[in-house]
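Visitor: I'd like to learn how to read a few features off a model. Could you show me the structure and take me through it?

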Amino acid sequence: MQEALLDVFGSAEEGVLAAFDECVTRLAQVIADAARSRRGWRERVRASLIASLELLDSEPAWARFLILEPPLATVAVAERRQRALTALAGALAREIQSDAAAQQAVRPRGFSPSPGVVAELVVGGVVSGVRARLLDQPRHSLAALAPSLMSFISTSYAAGDAPAQPGQPVRATYRTTRVLCAIAEAPRSNNREIAEAAGLRDEGQTSKLLSRLEQRGLIENVGLGAAYGEPNEWLLTGVGRRTLENAAPRSPAESAPGRDRTARGMAVRGVA
């Protein structure tokens, strides 16, 4: 390998750096193309993540070159890799900061972490997950990691329990409460499963309701979604959990000592 690089470049190190830059440039273009037509930071990040993993799956040699140790490990190569990771973290931080609700989500009570630091930790965690999969034998699909990695990213930006979008008040209606209960009881359910559990016959209306709840920050989709031929997988956010708790009606009997929250939730769904 080093002899081949010396035939083209002045040194093996220069060859490795040039190849690394080419890989990073191609990956950056794939990320930009995937995110361009998406709305909302989660959708843009999800699309970019999936496109990146699919590219690495299609180019296993590039994947190992980018994520694992290159054929020539020098200080300059390590610095170039760190520069690429820092740039990726910066792009993620800018993406999050562009979303008003997400900006609130990264501010837990009593603490205001730097968006850049949070993004660096998130990118480091994602790369670590990909690296572990590359080291697996036999080799497994990297794209299959997308739901788990997206769940990790979303959770990392939910520390402050993002409020609903400004101008979009949350009304805990009967149907809303049924849907939130269904997701609470069976996390990562898809649209059809939620419709059945909530007793909603029209899946189209269920999809619209889920979309509204996602826009208001009550739920989040950590699945690949229909755009990739896969089902949605829904989870409650912190706001969704609080909304569900506050929506449970409390009659005198339900407020009596010993009456637990589960029973109140059943009453909301018409079970109790």
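Visitor: Let's start with Arg 80. Is Arg 80 buried or exposed?

Guide: This is a predicted model, so keep in mind that every value here is computed from it. Arg 80 is buried, with a relative accessible area of 19%. The cut-off for buried is under 20%, so Arg 80 falls on the buried side.

Visitor: And which residue forms a salt bridge with Arg 80?

Guide: The general idea goes like this: side chains of opposite charge can pair when their charged atoms come close. Here the partner is Asp 21, and the closest N and O atoms are 2.6 Å apart. That pair links distant parts of the chain, with Asp 21 in helix H2 (residues 12-36) and Arg 80 in helix H5 (residues 75-97), 59 residues apart. Asp 21 counts as partly exposed, at 31% relative accessibility.

Visitor: How many salt bridges does the model have by this rule?

Guide: The count comes to 9. One of them joins Glu 43 and Arg 46, with the closest N and O atoms 2.4 Å apart. These two are 3 residues apart in helix H3 (residues 41-58), which means about one helical turn separates them. Arg 46 is buried, at a relative accessible area of 3%, while Glu 43 is partly exposed at 25%.

Visitor: What about Arg 36 and Asp 33: what separates them in helix H2?

Guide: About one helical turn, because they are 3 residues apart in H2. Arg 36 counts as exposed, at 58% relative accessibility, and Asp 33 as partly exposed, at 41%.

Visitor: Charges can also sit over rings, I gather. Which residue lies over the face of Trp 62?

Guide: That's Arg 26, at 4.9 Å from the ring centre. For ring against ring, a pair is described by the distance of the centres and the angle of the planes. By the rule used for such pairs, this model has 1 aromatic pair.

Visitor: On to the nonpolar side. Which residues in the largest nonpolar core touch the most other members?

Guide: Leu 53, Leu 92, Ile 153 and Tyr 157 do, in a core of 38 residues. H2, H3, helix H4 (60-67), H5, helix H7 (115-134) and helix H8 (146-156) each supply at least two residues of this core. The largest share, 8 residues, comes from H7. Take Ile 153: leaving out residues up to four places away in sequence, Ile 153 touches Trp 41, Val 45, Leu 49, Val 122 and Val 126. There's also a second, separate core of 17 residues, including Leu 180, Cys 181, Leu 213 and Leu 244.

Visitor: Now backbone angles. What is phi of Arg 188 near?

Guide: First the background: most residues other than glycine have a negative phi. Phi of Arg 188 is near 70°, a positive value in a residue other than glycine. Look for Arg 188 in the loop between helix H9 (174-185) and helix H10 (191-198). Arg 188 is partly exposed, with a relative accessible area of 33%.

Visitor: Let's zoom out. How many helices and strands does the chain have?

Guide: There are 14 helices and 2 strands. Buried residues make up 41% of the 272 residues. Among contacts with a separation of 6 or more, 65% come from residues 24 or more positions apart. The accessible surface is about 14,500 Å², with 54% of that belonging to carbon and sulfur atoms.

Note on methods: Residues numbered from 1 in each chain as written. Predicted model: local features only at pLDDT ≥ 70, side-chain atom pairs only at ≥ 80, totals over all residues. Heavy atoms only, no water. Phe/Tyr/Trp six-rings, centres within 6.5 Å; stacked < 30°, edge-to-face > 60°. Lys NZ or Arg CZ within 6 Å of the ring centre and 35° of its normal. Salt bridge = Lys/Arg side-chain N within 4 Å of Asp/Glu carboxyl O. Helix = DSSP H or I, 4+ residues; strand = E, 2+ residues; numbered from the N terminus. Buried < 20%, exposed > 50% of the residue type's maximum accessible area, 1.4 Å probe, protein only. Contact = heavy atoms within 4.5 Å. Areas by Shrake-Rupley, 256 points an atom, 1.4 Å probe, with all protein chains shown as cover. Core = buried A, V, L, I, M, F, W, Y, C linked by side-chain atoms within 4.5 Å.
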